[in-house]
Amino acid sequence: MMETALTLQHRIESQDWNHVDEQLCGRGFALLENVLSADECTELKVLYSQDHLFRSTIDMGRYRFGEGEYRYFRYPLPEVIQQLRTGMYPFLVPTANKFVRVLKTSAGYPTGHGEFLSYCHQEGQKRPTPLILRYEEGGYNTLHQDLYGDVYFPFQAVLFLNQPNKDFGGGEFVMTEQRPRAQSSAEVLQPNQGDILIFTTNYRPVNGVRGYYRVAMRHGVSRVKWGERVAVGIIFHDAH
Ligand SMILES: O=C(O)CCC(=O)C(=O)O
Ligand SMILES: [Fe+2]
């Protein structure tokens, strides 16, 4: 099949990572279009019902995180998720190091994901964070940041597994930016099935007259009007 002719690693390597860097620096997010085939999306979606793959399941309504359910994968992660997590990480490190250098928030990130995870584990963050989320009609996800301890990687990814306006309506991906002492602005995205969005987990630097300042970013999902929306979230740090 065409889609599987290129390995996932190949597809990751062939992305325009300079453009991703520009987008992340300029806007705090970057869309990789059409990375996963429809079959790969289906294979990921069906994982949702395989209980043995998960370490915990969260009813979002119960915690007032929204309406819907998500499940955190256990180690070992499903192969596609593992490959994307370790495969995308090194391409994001230069931008991550640029962010923390100008914001002076961290010493910087190692070039390999294994080394970064060892650091998380050493700091007591040992639980895997990749997750799969499912929203039905009326489902939504309140604006949040996925921080699970002091150690974090400044970017994360979402894999969009359903096609908007075919499988579901509404359920847009929403990001907000909070500038210091100003009101928030929002970006609303409706990526296609198979797209991967990379975005800022907590702050992005903006160059002002007195040097760089931090803009806090949050993300969430607007209400699903009909159908079912399933997504996989890949967070690069582990959790307490
Ligand atoms: O369902 C979505 O698109 C949002 C998922 C999310 O919040 C995450 O992956 O961190
Ligand atoms: Fe999230």
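Start by selecting Tyr152, which counts as buried because 23 C-beta neighbours lie inside 10 Å, where 20 or more are needed. This is a predicted model, so keep that in mind at each stop. Tyr152 sits in the loop between S6 and strand S7 (155–160). Leaving out residues up to four places away in sequence, Tyr152 touches Leu147, Thr201, Asn202 and His237.

How confident is the predictor? The protein's average pLDDT is 95, and 98% of the residues score at least 70. For the complex, the predictor gives an ipTM of 0.99 and a pTM of 0.96.

**Next: strand S13**

Select residues 211–221, which make up strand S13. Which strands pair with S13? Let's take them in turn.

- Strand S6 (residues 140–144) pairs with S13 in the antiparallel sense, over two bridges. Pick out His144 here and you'll find His219 of S13 as its bridge partner.
- Strand S9 (residues 173–178) is also antiparallel to S13, and six bridges join the pair. Click Phe173 and look across to Val221 in S13, which stands opposite.
- Strand S12 (residues 203–208) runs antiparallel to S13 too, again with six bridges. In this pair, Pro205 faces Arg214 of S13. Follow the chain from S12 to S13 and you pass through a hairpin of two residues.

**Then: helix H5**

Now select residues 79–103, helix H5. How far apart are the end C-alpha atoms of H5? They are 34 Å apart, which agrees with the 36 Å that 25 residues should span at 1.5 Å a residue. Zoom in on Leu92 to see a kink of about 45°, shortly before the proline Pro94.

Colour the buried residues of H5 next: Ile81, Leu84, Arg85, Met88, Tyr89, Leu92, Thr95, Ala96 and Phe99. As you look down a helix, remember that an α-helix has 3.6 residues a turn, so residues three or four places apart point the same way.

Then go back to the loop between strand S4 (69–73) and H5, where you'll find Pro76. The peptide bond from Tyr75 to Pro76 is cis, with omega near -10°.

**Into the core**

The largest nonpolar core holds 53 residues, and those touching the most other members are Ala157, Leu159, Leu197, Ile198 and Ala231. H5 supplies the largest share of this core, seven residues. Select Leu159 and show its contacts: setting aside residues up to four places away in sequence, Leu159 touches Leu36, Leu44, Ile196, Ala231 and Val232.

Asn34 is in the loop between strand S1 (29–32) and helix H4 (38–45). Its phi is positive, near 55°, in a residue other than glycine. Asn34 is partly exposed, with 14 other C-beta atoms within 10 Å.

Finish at Arg64, in the loop between strand S2 (54–59) and strand S3 (66–67). Arg64 is not a glycine either, yet has a positive phi of about 55°. Is Arg64 buried or exposed? With 8 other C-beta atoms within 10 Å, Arg64 is exposed.

Definitions and conventions. Residues numbered from 1 in each chain as written. Chains lettered and ligands numbered in written order. Predicted model: local features only at pLDDT ≥ 70, side-chain atom pairs only at ≥ 80, totals over all residues. Pairing = 2+ DSSP bridges. Helix = DSSP H or I, 4+ residues; strand = E, 2+ residues; numbered from the N terminus. pLDDT = per-residue confidence, 0-100. Expected span 1.5 Å × (residues − 1). Bend = angle between axes of the 7 residues up to and from the residue. Buried ≥ 20, exposed ≤ 12 C-beta atoms within 10 Å, placed from the backbone. Core = buried A, V, L, I, M, F, W, Y, C linked by C-beta atoms within 7 Å. Contact = placed C-beta atoms within 7 Å.
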